[in-house]
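Trainee: I would like to go through this structure with you. Could we begin with the overall picture and then turn to particular residues?

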Amino acid sequence: MALSCRGVCSGASLILLYGKRPVGVKASLCTPRLDYTKSSSLWFVRHYSPSQARHGIGRSIVSGLKWTNEKYERFLQRRFPRFYVLYQTFMRGFRLLFQDGKKVRRIIACMLNEKTEYQNLHYRDMEKIRQVRRDLIKAIPLVILSIPPFANYVVFILMYLYPRQLLIRHFWTPQQLVEFQGVYHAQRAQHHWAIVKGLESISTSVQDSRLKSRLMELCSKVRSGVHPVVSDVHAVRTLFSGPPLGIKRIYADQMRHLCPLLFLTPRLPGFWIGRRLNSHALELMQLDRAIVRLGVHQLNDAELREACYVRGLNPDHLSPGQCREWLTQWLQFSTHLKESETSLYLHCMVLLTVNYPKHPGHWPQKEVDDFSS
């Protein structure tokens with residue numbers, strides 16, 4: 001029986017694809033249809049390429065993992081609801097941390113490409129870099145502890161028992177974030193009275209009688225529960241750029257009381273504490289100038305509260321309008337400071353926050369007695 005043209009072309013395609021000649025097909029029959037055979041074989045290879053096969057297998061694996069993970073989450077939510085909340089918090093934390101890492105990488109890449117200095121960045125970019133750097137410093141010891149075999153199980157238990165001390169904010173629940181920020185503010189508020197009393201004791205060594213009286217008057221206002229204005233602070237600013245209150249001349253005990261305002265450890269040598277306080281204060285001053293360039297009205301409520309909290313004010317019981325009012329006053333004070341006046345910047349994290357909004361500070365009775373004496 002004679003072969004049809006369709007059969008001949010099919011046989012030729014098989015020869016080109018597999019290198020084998022089907023039984024009953026002669027080479028001479030394939031010659032006139034060689035171009036059509038090549039196009040048919042290329043069509044076959046194009047639609048059944050190994051890369052597409054691998055892509056399909058990868059999608060199948062991802063779909064299977066996604067289905068397994070969703071089923072596991074439903075099981076946890078049904079059988080272990082409390083553990084499910086912890087699991088969701090950790091997964092959300094890892095996603096947020098990964099997103100922040102990508103953002104910081106993009107910001108640094110733009111800085112290098114455009115040759116932009118850090119102090120000229122957008123406020124939100126500067127704040128993101130500052131926060132991620134602090135989070136990494138806090139997370140490094142935990143990562144080191146989890147390196148030995150099976151140590152990660154112990155680390156997981158420690159993170160569950162001590163989330164405030166060991167975890168960064170990405171892994172806190174919204175309730176924990178409010179609670180832990182309140183705890184941290186209470187810890188730094190314990191040093192407020194010591195800082196004001198230290199200013200009063202140092203004022204006795206001031207030679208200029210006019211500056212001495214103004215500093216004593218400023219401390220007296222804060223002690224009596226009056227919220228000072230910016231002009232009261234600027235009137236004594238020259239005392240904080242050199243002796244006796246400059247960042248390089250101040251007593252070590254006074255610097256150790258200033259450390260908790262920035263959540264820094266005071267258990268370091270005095271010269272090291274001074275360098276850390278100076279660098280952190282300069283960074284906040286740069287952030288203040290970035291806010292001025294952006295405009296306070298451009299900050300949302302969460303950014304307003306965070307900006308106030310970082311600068312020493314507890315925003316828990318303040319409205320967004322009060323936070324904006326205080327931050328505006330703070331920027332009027334800080335944007336006129338020189339780099340040599342970082343000590344005044346740090347002390348005003350007490351002087352301009354402790355009695356805001358114009359109500360008496362909640363000084364413990366023992367501290368009031370100490371002031372009176």
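Predicted model: local features only at pLDDT ≥ 70, side-chain atom pairs only at ≥ 80, totals over all residues.

Trainee: Understood. How many helices and strands does the secondary structure of the protein chain come to?

Mentor: The protein chain has 18 helices and zero strands.

Trainee: And what share of the residues is buried?

Mentor: Buried residues account for 38% of the 373 residues in the protein chain. The accessible surface comes to about 22,600 Å², and carbon and sulfur atoms contribute 60% of that area.

Trainee: Let us move to charges. How many salt bridges does the structure hold?

Mentor: There are ten salt bridges in the structure.

Trainee: Which residue meets Arg124 in a salt bridge?

Mentor: The partner of Arg124 is Glu303, with an N to O distance of 2.6 Å. This pair connects distant parts of the chain, since Arg124 belongs to helix H6 (residues 123-145) and Glu303 to helix H15 (residues 301-310), 179 residues apart.

Trainee: Is Glu303 buried or exposed?

Mentor: Glu303 is buried, because its relative accessible area is 18% and the cut-off for buried is under 20%. Arg124, by contrast, is partly exposed at 34%.

Trainee: Which residue pairs with Arg133 in a salt bridge?

Mentor: Arg133 pairs with Glu283, at 2.3 Å from N to O. Here too distant parts of the chain are linked: Arg133 is in helix H6, Glu283 is in helix H14 (residues 270-294), and the two are 150 residues apart. Glu283 is buried, with a relative accessible area of 12%, while Arg133 is partly exposed at 36%.

Trainee: And where do Glu200 and Arg223 lie?

Mentor: Their side chains meet in a salt bridge of 3.1 Å, N to O. Glu200 sits in helix H10 (residues 192-203) and Arg223 in helix H11 (residues 209-223), so the bridge ties together parts that are 23 residues apart in sequence. Glu200 counts as buried at 13% relative accessibility, and Arg223 is partly exposed at 31%.

Trainee: A change of topic, then. Which residues does Gln181 contact beyond its neighbours within four places in sequence?

Mentor: With those neighbours left aside, Gln181 is in contact with Arg169, Glu306 and Tyr309. Gln181 is located in helix H9 (residues 174-189). Its relative accessible area is 14%, so Gln181 is buried.

Trainee: What does Gln131 contact, on the same terms?

Mentor: Gln131 is in contact with Arg169 and Glu306. Gln131 is placed in helix H6 and counts as buried, with 14% relative accessibility.

Trainee: Now the surface. Which residues form the positive patch?

Mentor: The positive patch consists of Lys71, Arg74, Arg78 and Arg79. Of these, Arg74 is found in helix H4 (residues 50-79) and is partly exposed, at 45% relative accessibility.

Trainee: And which residues form the nonpolar patch on the surface?

Mentor: The members are Tyr72, Phe75, Phe80, Phe83, Val154, Phe156, Ile157, Leu158, Tyr160, Leu161 and Tyr162, and together they have about 1,000 Å² of accessible area. The elements that supply two or more residues are H4 and helix H7 (151-161).

Trainee: Which element gives the most to the nonpolar patch?

Mentor: H7 gives the most, with six residues. Tyr160 is placed in helix H7.

Definitions and conventions. Residues numbered from 1 in each chain as written. Heavy atoms only, no water. Patch = residues over 30% accessible without salt bridge, like charges linked within 9 Å, V, L, I, M, F, W, Y side chains within 5 Å. Areas by Shrake-Rupley, 256 points an atom, 1.4 Å probe, with all protein chains shown as cover. Salt bridge = Lys/Arg side-chain N within 4 Å of Asp/Glu carboxyl O. Lys, Arg positive; Asp, Glu negative; His and termini not counted. Charge placed at Lys NZ, Arg CZ, Asp CG, Glu CD. Helix = DSSP H or I, 4+ residues; strand = E, 2+ residues; numbered from the N terminus. Buried < 20%, exposed > 50% of the residue type's maximum accessible area, 1.4 Å probe, protein only. Contact = heavy atoms within 4.5 Å.
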